[in-house]
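Look over the sequence and the 3D structure below. The paragraphs after them go through a few of its features in turn.

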Amino acid sequence: MRDGVGIGKALLRGLQRKCPCCGKASAFRGYLKVVDACPNCQTPLSLYPTDDGPAYITMILIGHLVIAPAFMFGFFYAYPVQVLVPVLVGSIGLLTLLALPFIKGAFLGLMWYLGLKQAR
Ligand SMILES: [Zn+2]
């Protein structure tokens with residue numbers, strides 16, 4: 001528990017792109033930019049490093065959700081490579097861009113819960 005918030009609640013608030021501490025204000029001011037401090041509780045959210053971790057997690061997650069089914073279902077082998085590659089790459093790119101802000105929010109929640117701030 002950190003400030004009365006468990007890890008599940010911190011991750012869930014982050015998934016909702018809210019401040020992991022209070023859960024009331026948005027933790028982002030754009031697609032991926034974390035606010036300097038929460039407008040509601042003043043938690044300095046920009047001090048928590050969310051640089052590459054969310055991108056790696058998103059790529060691993062989306063890669064497994066798209067590539068693994070592609071090899072499991074036989075009808076994928078019926079299409080020519082000229083069709084399969086653009087469809088797979090496009091769907092991986094689109095799903096990655098859709099999931100990344102939410103996974104970054106959850107990662108911010110995890111960093112906040114663990115208290116892993118950047119050294120200044
Ligand atoms: Zn807050």
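A search of the whole structure finds 0 aromatic pairs, where rings of Phe, Tyr and Trp (its six-membered ring) pair if their centres lie within 6.5 Å. This is a predicted model, in which local features need pLDDT of at least 70 and side-chain atom pairs count only at pLDDT 80 or more, while totals for chains, interfaces and linings use all residues. Residues are numbered from 1 along each chain as its sequence is written, and side-chain values use heavy atoms, with hydrogens and water left out.

One ring does have a charge over it: the charged end of Arg17 sits 4.2 Å from the centre of the ring of Phe28. The rule asks for NZ of Lys or CZ of Arg within 6 Å of the ring centre and within 35 degrees of the ring normal.

Next comes the metal site. Cys19, Cys22, Cys38 and Cys41 coordinate the zinc ion through their SG atoms, at 2.2 to 2.4 Å; donors are N, O and S atoms within 2.8 Å of the metal (3.2 Å for Na, K and Ca). Along the chain, these donors follow the spacing C-x2-C-x15-C-x2-C. The site is tetrahedral, with angles of 107 to 116° among its 4 donor atoms (four donors count as tetrahedral if all angles lie between 85 and 135 degrees). Cys38 counts as buried because its relative accessibility is 0%, whereas Cys41, at 28%, is partly exposed. Buried means under 20% relative accessible area, exposed over 50%, and partly exposed in between (1.4 Å probe, protein chains only).

Lys117 is partly exposed too, with a relative accessible area of 45%. Leaving aside residues up to four places away in sequence, Lys117 touches Leu47, Tyr48 and Pro49, contact meaning heavy atoms within 4.5 Å.

How values were computed:
Rings of Phe, Tyr and Trp (its six-membered ring) pair if their centres lie within 6.5 Å; planes under 30 degrees apart count as stacked, over 60 as edge-to-face and the rest as tilted. Four donors count as tetrahedral if all angles lie between 85 and 135 degrees; four count as square planar and six as octahedral if opposite donors are over 155 degrees apart and all others between 65 and 115; anything else is irregular.
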